[in-house]
Amino acid sequence: MMSDRHEGQVNALRETFLEHLRLTQGKHPISATAHDRYLALARTVRDAIVDRWIATHLRFKEEDPKRIYYLSAEFLLGRTLRNNLQSAGMLELAREVLAADGVDLGALEEEEPDAGLGNGGLGRLAACFLDSLATLGYAAYGYGIRYEFGIFEQRFENGWQVERPDEWLRFGNPWEIVRPEYTTPVGFGGHTEEWVDHEGRWRVRWVPAVTVLGVPYDTPIAGHGLKHVNTLRLWSARASEEFDLDVFNRGDYVRAVEEKTASEVISKVLYPSDNTWAGRELRLKQQYFFVACAIADIVRRYRKTHTSFAQFADKVAMQLNDTHPAVAVAELMRVLVDLHALGWDEAWEITVKTFGYTNHTLLAEALERWPVALFERLLPRHLQIIYEINARFLRTVMNRWPNDPARTARMSLIEEGGERMVRMAHLAAVGAHKINGVAALHSALLQKTVLGDFAELWPERFNNKTNGVTPRRWLLSCNPGLASLLTEVVGAGWETELDRLRGFARAADDPAVRARFREIKRDNKRSLARWLAEEHAFEVDPDALFDVQIKRIHEYKRQLLNALHIVGLYLRAKRDRHAPRVPRVFLFGGKAAPAYRVAKVIIRFINAVSEVLRQDPDAAHLKVLYLPNYGVSLAERVIPAADLSEQISTAGKEASGTGNMKFALNGALTIGTLDGANIEIRDAVGSENFFLFGLETDEVNQRLAEGYNPRDVLARDAELREVLDLIRSGHFSVGEPGLFRPMVDGLLDHDPYMVLADYSAYSACQREVEAAWVRPDHWDAMAIRNVANMGHFSSDRTIAEYARDVWGAAPLGAPEDRSQV
């Protein structure tokens, strides 16, 4: 029998839900569709969140805390309904209200598309950080672009990746609120003019040729327990003149909407292809667009309560999430010097104190560089400012290292020789008071290689901030069975203090808890197996070893190494049909950039292997499936069911990774290299609970320096030779015999990511995996120790470190409920 209080909560929720169904959707429950119910429930939850949102921001206005602004090209939020129900403490109430009407909450969740606001780890990290900033009570805002179509929807046709528009906003977004009152003009092109103001000071003004309007859309970011609600403000591009009626009336209908089309394309798609000049121009436009909107908004908010910029760096911290928003350094200088008449030195001091820069890659091709000619055409004033920053910076360099022109050239913000380029990572490094990598190895390599000269000049600026994930989404929400067991064993509160999971380690030696842990994992695997059968006609045995590699497709992440090993297992099965076999299910997922041909061929190859194995009775114990359109919601379904997590990147190439953390937190064991955060995870969980293989970073570099020849590896490894010969023979491409020969030739002639060099070690390590798998108690104990030792990898810990070491910000307490003020 429910208590009076509970009954009141249920009735209140039902009443608000039905009210939204009637007044917002215009439907009676009898005629309401699942989508109607989803929207009504979403708005019901949003109502509860908005009250706390208002109260939180009233607190900001009264206390004027230091505000943190997180600038990111991506925010990979996933779905919001369950996350907000959970944060507001309404999840079970909603389930109960819907069940009374015969409606399944899980079915309504499927009505919500993943927000198309990101692609990979960088965007998902940003989303985890927003969750932690709100949960911990920091005054924080996220700034980015409201992409209309996201990156793309991935489908497969004849095994090839095909891109389709990701129309995630097709039916609107119930979580956002448009704020037209804060629409911001953003200029492009034009020219600059020099002038002298009334005080006799030399000044510069930028006269843009084109103006685009940035319209902000706010999404509340609810912290766990709904004590604090921050804001994600995303900008949508609109034309300053929507429609030229005069041109239309003259019959030129296309030109009448030309400006509208040209302006609004800025916020259409995440990461347009930069293989063409037009694509590169659009990318730079996107980056400046959201940065200009953000800084105008930040300065506007600051100026409401401050008459000068003397306290700006004490009240504002801006974090650059990789180099995409690096032009913010030049934009803030333009705003301070040109619009508010600050002297250069004062403006520069404020700028450097305000910015922090997070680097996410060591790959040269991922460190953004823009042609000077493009910058000059789109952002002429910003190029002038960058030249001035560079001139002053290089004087500092030359004073420190006289007669070292090679170093000066390496450190310059402008790359000379051939096409002149603006180095955005250098701009970010010069304009930030703190620079960090995202795992211990990555930060060390960053200071040794990519930004080595800068680390030598300013060692005090560099630090490490190992990534983390929010345990609210990546355990409490996506794995309720394990979450319940953890609460029973270690007590409540671990979801906001993840170090409490240490108390779960004793369960590794408790047969009863191990059995429950194993059954929870099996329930998750059964659930995934049902979904695979329903959605993909793919039948799997839940008792098989679920081996998962889901991440963006890139050669250094080595999905190909995994696929080659599967072919090796297939050949072993063909050679000895009576040998003992470990049933395995290999699941892949991840998108390849549309212009990345090699990555697309790898996807095609994995799909070909899947098809061949599916048809061969000798491979009945080996199931392979490439899951299309990988995203956050798919990860939430797959990760709790995984037994083995593939984290097999070439050592020294992965910045951190966060998938490795999510898998381990949910009880999967890791097979991996000493790369990124794998190193710290292995240290935390114990080397005996981690399957390690492969060359280390120094060994990779040494082999490459000595002239690594992949064919030498092949000569020593009979199985690898057989694997590559089978692929070259056309066994996996009968209709196109030569389809995968270039892929094999690339490995034999170059193999820059050491796929062949690490094959033997990887194969041997996979034998260790199978030996452990056939000892269930041993495997479960290892998995439990992984879960118990993942406390360090909470994004709450990462954010607290940023706040302490980079931003100099303190959290606020929970605001009083003054939403009606």
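R407 counts as buried, because its relative accessibility is 11% and buried means under 20% relative accessible area, with exposed over 50% and partly exposed in between (1.4 Å probe, protein chains only). This is a predicted model, in which local features need pLDDT of at least 70 and side-chain atom pairs count only at pLDDT 80 or more, while totals for chains, interfaces and linings use all residues. Residues are numbered from 1 along each chain as its sequence is written, and side-chain values use heavy atoms, with hydrogens and water left out.

R407 joins D404 in a salt bridge, at 3.2 Å from N to O. The term stands for a side-chain nitrogen of Lys or Arg within 4 Å of a carboxyl oxygen of Asp or Glu. Side chains of opposite charge can pair when their charged atoms come close. D404 has 23% relative accessibility and therefore counts as partly exposed. By this rule the model has 67 salt bridges.

Two further pairs connect helices. R518 and D777 form a salt bridge whose closest N and O atoms are 2.7 Å apart. Because R518 lies in helix α22 (residues 511-536) and D777 in helix α33 (residues 776-788), this pair ties together parts that are 259 residues apart in sequence. Helices here are DSSP runs of H or I with at least four residues, strands are runs of E with at least two, and both are numbered from the N terminus. R518, at 32% relative accessibility, is partly exposed, and so is D777, at 43%.

E719 and R575 form another salt bridge, with the closest N and O atoms 3.8 Å apart. E719 belongs to helix α30 (residues 718-728) and R575 to helix α23 (residues 559-575), 144 residues apart. E719 is buried at 13% relative accessibility, whereas R575 is partly exposed at 47%. Elsewhere, R179, D218, R233, D297, R300 and R301 are linked in a network of salt bridges.

Helices also meet through contacts. The axes of α12 (residues 328-339) and α15 (residues 380-400) come within 9 Å and cross at roughly 95 degrees. The two helices are therefore roughly perpendicular, a term for angles of 65 to 115 degrees. Contact means heavy atoms within 4.5 Å; among the residues that meet are M333 and R334 in α12 and I385 and I386 in α15.

Strand β3 (residues 153-157) pairs with strand β4 (residues 160-164) in the antiparallel sense over five bridges, where pairing requires at least two bridges found by DSSP. E157 stands opposite W160 in β4. Two residues lie between the strands, and N158 takes a positive phi near 55 degrees.

Definitions and conventions:
Axes are lines fitted to C-alpha atoms, for helices over the stretch in contact, and angles run from 0 to 180 degrees between N-to-C directions. Angles under 35 degrees count as roughly parallel, over 145 as roughly antiparallel, 65 to 115 as roughly perpendicular and the rest as oblique.
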